[in-house]
Amino acid sequence: MSSPRQTATRPLDLFAIDSLLDDEERAIRDTVARFCADQVRPHLSDWYENASIPGRELALQLGHLGLLGMHLHGYGCAGTNAVSYGLACMELEAADSGIRSLASVQGSLAMSAIWRFGSTEQKEQWLPKMASGELIGCFGLTEPDFGSDPGGMRTNAKRDGRDWVLNGTKMWITNGSIADVAVVWARTDHGIGGFLVPTDSAGFSSPEIRHKMSLRASVTSELILDDVRLPDDARLPEARGLSGPLSCLSEARFGIVFGALGAARDCLETAIEYSRTRRVFDKPIGAYQLTQEKLANMTLELGKGMLLALHLGRLKDAGGLRAEQVSLGKLNNVREAIAIARECRTILAANGITLDYPVMRHANNLESVLTYEGTSEVHLMMIGQALTGESAFR
């Protein structure tokens with residue numbers, strides 16, 4: 001005689017994650033989840049299929065919620081802790097990686113660069129309206145031939161009297177075609193420097209990159225700088241060398257540590273629900289041992305990743321998080337997230353490849369997340385360098 005059917009448990013509830021969060025952290029997480037449920041999820045299949053999103057409208061909505069640069073202090077930013085920012089990234093990416101990318105490039109890359117390396121005047125000019133979503137920023141570091149090796153960049157900035165003249169090309173730039181300001185990193189006679197480039201500057205263009213199979217609900221662009229002339233006060237005065245942009249990348253990678261788990265969780269919850277309703281040989285596929293083994297293993301990896309993310313978040317809030325520790329989180333959580341997405345697709349079978357379910361969309365997006373903000377190989381070498389004291393980059 002079969003046992004009575006029990007109430008299903010959500011995967012992260014098995015790890016009692018809520019008990020590790022305070023009231024404000026839970027409230028922020030739940031607010032972002034409700035926003036995504038009401039304003040984002042109903043449109044995602046269309047945005048993804050059409051490779052078009054209302055980026056400026058979304059930025060205003062995210063700004064209204066206080067999610068843009070939310071972990072920064074002052075200048076209209078919310079000033080939340082790192083864990084709250086991570087949880088927001090998780091809920092945004094549970095909807096779609098492209099939505100999280102919009103927010104994290106705005107906050108952790110563009111705004112963070114201005115907040116850390118800008119003058120008081122630059123901060124007052126740009127940050128309040130970027131926090132509200134009225135202005136959008138992008139971050140120009142990657143080049144067509146220099147992704148994992150940004151130190152080899154060819155984009156250059158030359159002095160011409162009191163001005164700077166910038167020439168070069170940046171590639172794979174999120175928000176580029178809708179941005180009001182581009183934080184552009186360029187080679188100068190004194191090393192790498194950062195510049196705030198208004199996107200209406202003469203000689204600046206940002207053609208959107210089309211024909212993507214991943215991150216289709218996201219604006220991805222090329223930045224072209226052809227004799228763009230800027231005054232000296234467009235230079236970020238406190239950015240000296242490659243450590244400037246790399247420190248911003250570490251901020252963005254932290255958001256991915258949490259964000260990738262959102263995509264994985266959404267896939268897993270979809271697969272669990274599907275397994276309870278899809279019947280094969282007169283019973284739900286969730287009643288078969290092989291399916292339960294898949295679900296149990298995925299839940300274990302999701303929960304372990306969540307515990308790691310929270311630990312790193314608490315370290316960051318205490319001021320003790322190191323770059324190689326962020327690499328641990330990004331490497332593990334994205335690697336496990338994409339494995340979970342692929343396994344969930346097998347549970348949904350043919351239905352898993354349609355936009356009626358989010359699984360293949362998440363899997364495709366995670367292919368990009370796996371390699372941006374540092375490929376797995378880069379993070380492996382960062383961890384290896386920490387372990388051995390030897391650099392494998394050169």
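Me: Is K158 buried, partly exposed or exposed, and what is its relative accessibility?

Reply: The model is a predicted one. K158 counts as partly exposed because its relative accessibility is 42%, which lies between the limits of 20% and 50%.

Me: With which residue does the side chain of K158 meet in a salt bridge?

Reply: Side chains of opposite charge can pair when their charged atoms come close. Here the partner of K158 is D189, at 3.7 Å from N to O. The pair links distant parts of the chain, 31 residues apart: K158 belongs to strand 4 (residues 156-160), and D189 to the loop between strand 6 (181-188) and strand 7 (191-198). D189 is exposed, with a relative accessible area of 63%.

Me: How many salt bridges does the count come to?

Reply: The count comes to 24 salt bridges. One of them joins the side chains of D232 and R235, at 3.6 Å from N to O. D232 is partly exposed at 29% relative accessibility, and R235 is likewise partly exposed, with a value of 29%. Another joins E238 and R240, at 3.4 Å from N to O. In that pair E238 counts as partly exposed at 41%, whereas R240, at 59%, counts as exposed.

Me: Which residues are linked in a network of salt bridges?

Reply: A network of salt bridges links R10, E91, R265 and E269.

Me: Let us turn to the nonpolar residues. How many residues has the largest nonpolar core, and which have the most contacts inside it?

Reply: In soluble globular proteins, nonpolar side chains tend to be buried together. In this model the largest nonpolar core has 113 residues, and those with the most contacts inside it are V40, F139, L166, V183, W185, V197 and M306. Helix 7 (residues 243-277) supplies the largest share of this core, namely 16 residues.

Me: Taking F139 as an example, which residues does it touch?

Reply: Leaving aside residues up to four places away in sequence, F139 touches V105, L109, A110, A113, I173, V183, W185, P245, C248 and L249. Two of these, V183 and W185, are themselves among the residues with the most contacts inside the core.

Me: Which element gives the most to the lining of the largest pocket?

Reply: Helix 7 gives the most, with six residues. The elements that each supply at least two residues are helix 5 (97-117), strand 5 (163-174), helix 7, helix 9 (323-348) and helix 11 (376-388).

Me: How many cavities of 30 Å³ or more does a search of the whole structure find?

Reply: The search finds one cavity of 30 Å³ or more. About 50 Å³ of space lies in the largest cavity. The residues lining it are L67, M70, Y85, A88, C89, L92, R100, A103 and S104. Helix 4 (82-95) and helix 5 are the elements that give two or more residues to this lining, and helix 4 gives the most, with four.

Me: How do the residues of that lining divide into nonpolar, polar and charged?

Reply: The lining of the largest cavity has seven nonpolar residues, one polar and one charged.

How values were computed
Residues are numbered from 1 along each chain as its sequence is written. This is a predicted model: local features need pLDDT of at least 70, side-chain atom pairs count only at pLDDT 80 or more; totals for chains, interfaces and linings use all residues. Side-chain values use heavy atoms; hydrogens and water are left out. A nonpolar core is a set of buried Ala, Val, Leu, Ile, Met, Phe, Trp, Tyr and Cys residues joined through side-chain atoms within 4.5 Å. Buried means under 20% relative accessible area, exposed over 50%, partly exposed in between (1.4 Å probe, protein chains only). Contact means heavy atoms within 4.5 Å. A salt bridge is a side-chain nitrogen of Lys or Arg within 4 Å of a carboxyl oxygen of Asp or Glu. On a 1 Å grid over the protein atoms alone, a cavity is a set of points where a 1.4 Å probe fits but cannot get out, and a pocket is an open set with protein on both sides within 12 Å along at least five of seven lines; lining residues have an atom within 4 Å of a point. Grid points are joined across faces, edges and corners, and a volume is the space filled by probe spheres set on the points. Ala, Val, Leu, Ile, Met, Phe, Trp, Tyr, Cys and Pro count as nonpolar, Asp, Glu, Lys and Arg as charged, and the others, Gly among them, as polar.
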